[in-house]
2 protein chains.
Amino acid sequence: MRGVVTSIRLPRLSPDRVDRVRARLARELGDSKVVADAASLEANAGDESDQEPILPDVVVRAENAEDVAAALRVAAELEVPITPRAAGSGKSGGAVPVAGGIVLATIGMNRIVDIDRAEHVVVVEPGVVLGDLHRAVEAEGLFYPPDANSLAWCAIGGNVGENAAGPRALKYGATRDWLLGLDVALVGGEATFVGRRTKKGVTGYDVAALLCGSEGTLAVTTRVVLRLIPKPERVVTMMATFADVHAAGRAVMAALGSGIVPRCIELLDARTLDAVRARGVAVDEGARAMLITEVDGGEDDAMESAGRVGSRFDDAGALAVLVAQDASQRDRLWEARRQLSPATRAMARHKISEDVVVPRTKVPALLDEVDRISEAIGVSMLTYGHAGDGNLHVNFLWDDDDHEPRVEAGLDRLFRAVLTLGGTLSGEHGVGTSKAPWLRLEQGDLLVDLQRRLKAVFDPKGLLNPGKIFDESARSGTKGHRAC
Amino acid sequence: MRGVVTSIRLPRLSPDRVDRVRARLARELGDSKVVADAASLEANAGDESDQEPILPDVVVRAENAEDVAAALRVAAELEVPITPRAAGSGKSGGAVPVAGGIVLATIGMNRIVDIDRAEHVVVVEPGVVLGDLHRAVEAEGLFYPPDANSLAWCAIGGNVGENAAGPRALKYGATRDWLLGLDVALVGGEATFVGRRTKKGVTGYDVAALLCGSEGTLAVTTRVVLRLIPKPERVVTMMATFADVHAAGRAVMAALGSGIVPRCIELLDARTLDAVRARGVAVDEGARAMLITEVDGGEDDAMESAGRVGSRFDDAGALAVLVAQDASQRDRLWEARRQLSPATRAMARHKISEDVVVPRTKVPALLDEVDRISEAIGVSMLTYGHAGDGNLHVNFLWDDDDHEPRVEAGLDRLFRAVLTLGGTLSGEHGVGTSKAPWLRLEQGDLLVDLQRRLKAVFDPKGLLNPGKIFDESARSGTKGHRAC
């Protein structure tokens, strides 16, 4: 039985098969791209989730699409599991090679191939870091909205694989909403372009949309075509504090009812504010909830919108509403927000950060339930996240290893509450290994089995990123039996 | 060999099988929902494309999801082709029952189930007319942007099936960009919800995105969850005229480079303006191209944006730039635009209106090629459409039946030019039967075969909307051989 902080493990290759796979890859790709030293295996074993790292048997450092195709050809011919990986910054175990085998690392494919200013399109390789993409297109007056909090190190290949999003999803949506087309390689090494290079296009099924968010289980991305918009002229950042999360919840609904769509409304609950204070940020002691909100738009419009949202916050009982007066104030605010994940991780020996979504009117109800769960299981919990779209990160923090079963019980109760409230298990981190045991609870047998059959179209032998999304072996108490 | 104005025909059921199917459906659904009179069959035989209508053998008038499931169960058990249909306003033959069999009509399922003002979500049945949806949500201060020109009669079920779009797609995208979730029934009658009811959600593959635009070949929609935004406070509509399409093309690029994203930029070429003049609309005789542009936003911002776009048009050499002064001027302008399809249809005995997309910088190059094609084949052609996103409707108009082979040659040359320019075969009408012969030209064997295998996951016997998207039998000169 798998615990909450240990990944599922599938059977591994025998040592002589490992030798054959390494030798074959080296012959096809050259020694410099095929590594199996301890440091390289270690560096490609885990992600940023709570799932236990598992060493691969060999790492392919792809430098181009041909390398990716070659690795996928070898994997198919030798029937070896292969797990694609970009920055490895995922939060659900998606990049953990749970059956060992090959890790196919695309982080070295990091060219921004083309920024087309006239078409508002950018073409990038999967290893391009999100923040680098932001800077490159913004230098041309353009804007790529998705902004995962890990933007300083996460990569586009993983963003596509997980359909990553961030605070600005409230106004601008997630990666899929900006994805036009993909060059991909399939198990077996065949390659194709899916999607389009134009803004519109409905020719055939939207295979690109299917692949986006498929967590590296269907195909491996070698190039990405994304659409862009003009960079907003002005962004106004506001911070509002409240006496409790219910007041903050009312303020969120009031803001969203104002006719303005803020580009983000981020919520920090009472315990998260304690973590923020512990990092030396001055927050009024009476504040038990905070909203960080941004509006953007034209030069005048953004200010007018911010004023309107701010007055809704006041009406809803904000203790204070502060507007960042310059870029450095704004950067400090966001730096604090982006540091929440590592900051809260430092608060205890063990942390699980869950990513759930409820209808936004249900955010206070979910936070009440989180309080009840925390009390019931005797484990510290805190919550922050994207209140405007109901996507919250609920954190469990504990030191005592023996408390793991309590956490597991808390997780189960949390997910059931989310579904009862009309929500979904994941807003931006994906299912990976961490939520696979609960997938049927949300989606039912028919839809899960349908997805497994879609998976089999791309990967009939289950070689590509095995053990992800659909692997329920931990829950059923049985081990997976794949042909590897 | 199929001609350009005749649909592919697949083998039909024998008369005794037709009797059995009708009797079985009547038993399951009741006589009132199962009709086979001549008028009903005729009314469910064609769509608004140039594809020849083909009579079904029986029509099921579904009133609820259970009726849809029952029809799909009977179809699977008796191995009978079944073609879903909402308003039948499609433009690519998608709703034409090319093998006869059952037409499953969902236009009677036309309830707006819920408008959730707090969540900005609407839940509708597939038979709801798009314009009715617009009115209903706008009465609540909300906005559903997709605006197919057939909005007065097209229905949401078809919009989802074709991933329909309209002028406002430039700023707001197509149906898929607003789709959160679907209740669907599968061949065999099983039903499931796919997607989510929340704004964000990445749990499992995005099956809803895959179904949207699948042209009724994978599943049948029984309920649709769409997201909404606040209704823009102000819309400014402008009309600009130009001496030729190259000047108009430069103006489009200048406007799109202004930092503003207009919600639409519609182009009418010289021959289309002749059609407009023939409808009694006064257009300066010197004008050989027209752009109809809208910007929206906050009360002040929209006017400021319109001014900026207008001055870009002036700089690009507009003959005149007029701003609609009130709602009635605006409505008249759009009425003329929406009437283009029927107006141009009235210009000749035969009309084919193609829907193609090129990168927006290539619009003038495509229009030059259209002129060359028209001259080469001796057939009148005109073009209008969504210049801002490069999605153009290229029309062939002819009277002499013998000119059909010329038109076919012109179509082939047009599609090849579109692909050479980096475009795609369809921007909003879908492949249906009309473009199936050219699908491989754009997508290649690997991707087409992959999609056929995806289709087989949902519909292994090819019963659901057979002959669509992938049926190349006309091109290869062979007939389709399905197990029906």
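Mentor: We'll take the chains, then a sheet, then a helix, then a few single residues. Keep in mind that this is a predicted model.

Trainee: What rotation superposes chain B on chain A?

Mentor: A rotation of 180° with 0.0 Å of shift along its axis, and the RMSD is 0.0 Å. That is the relation of a two-fold axis. Both copies use the same surface, with 100% of the contact residues of chain B recurring in chain A.

Trainee: Next, the sheet. In what order do the 5 strands of the open sheet in chain A come?

Mentor: The order is S5-S6-S10-S8-S9, with antiparallel pairing.

Trainee: And which are the edge strands?

Mentor: Strand S5 (112-116) and strand S9 (191-195) of chain A, each of which pairs on one side only. On average, neighbouring strands in this sheet are turned by 10° against each other, direction ignored.

Trainee: How many bridges join S8 to S9 in chain A?

Mentor: There are 5 bridges between strand S8 (residues 179-185) of chain A and S9(A), and the two run antiparallel. As for facing residues, Leu182(A) stands opposite Val194(A) in S9(A).

Trainee: Which helix lies across S8 and S10 of chain A?

Mentor: Helix H3 (residues 65-78) of chain A does, running at about 140° to S10(A), which is strand 220-227.

Trainee: Staying with S10 for a moment, is Thr221(A) buried or exposed?

Mentor: Thr221(A), which sits in strand S10 of chain A, has 12% relative accessibility, so it counts as buried. The cut-off for buried is under 20%.

Trainee: What is Thr221(A) in contact with, leaving aside its neighbours within four places in sequence?

Mentor: Thr106(A), Pro126(A), Val160(A), Leu182(A), Asp183(A) and Val184(A).

Trainee: Change of topic: H10 in chain A. What span should its 17 residues have, and what does the model give?

Mentor: At 1.5 Å a residue, helix H10 (residues 299-315) of chain A should span 24 Å, and its end C-alpha atoms are 25 Å apart, which agrees.

Trainee: Which residues of H10(A) are buried?

Mentor: Asp301(A), Ala302(A), Ser305(A), Ala306(A), Val309(A), Gly310(A) and Phe313(A). They cover an arc of only 165° around the axis, so they are on the same side of H10(A).

Trainee: Why would residues three or four places apart point the same way?

Mentor: Because an α-helix has 3.6 residues a turn.

Trainee: What's on the face turned away from the buried side of H10(A)?

Mentor: That face carries the exposed residues Asp300(A) and Asp315(A).

Trainee: And what do the buried residues of H10(A) pack against?

Mentor: In chain A, strand S12 (234-242), helix H8 (245-256), strand S14 (289-297) and strand S15 (320-323); in chain B, helix H10 (299-315).

Trainee: Which residue with positive phi follows H10(A)?

Mentor: Gly317(A), with phi near 95°. Positive phi also turns up in residues that are not glycine, including Asn163(A), near 50°, and Glu215(A), at about 60°.

Trainee: Where are Asn163(A) and Glu215(A)?

Mentor: Asn163(A) is in the loop between helix H5 (156-162) and helix H6 (169-172) of chain A. Glu215(A) is in the loop between helix H7 (207-211) and S10 of chain A.

Conventions
Residues are numbered from 1 along each chain as its sequence is written. Chains are lettered from A and ligands numbered from 1 in the order in which they are written. This is a predicted model: local features need pLDDT of at least 70, side-chain atom pairs count only at pLDDT 80 or more; totals for chains, interfaces and linings use all residues. Side-chain values use heavy atoms; hydrogens and water are left out. Copies are superposed by least squares on the C-alpha atoms of residues with pLDDT of at least 70 in both. Contact means heavy atoms within 4.5 Å. Two strands pair if DSSP finds at least two bridges between them. Helices (H or I, at least four residues) and strands (E, at least two) are DSSP runs, numbered from the N terminus. Axes are lines fitted to C-alpha atoms, for helices over the stretch in contact, and angles run from 0 to 180 degrees between N-to-C directions. The expected span of a helix is 1.5 Å times one less than its number of residues. Buried means under 20% relative accessible area, exposed over 50%, partly exposed in between (1.4 Å probe, protein chains only). The arc is that of the directions from the helix axis to the C-beta atoms.
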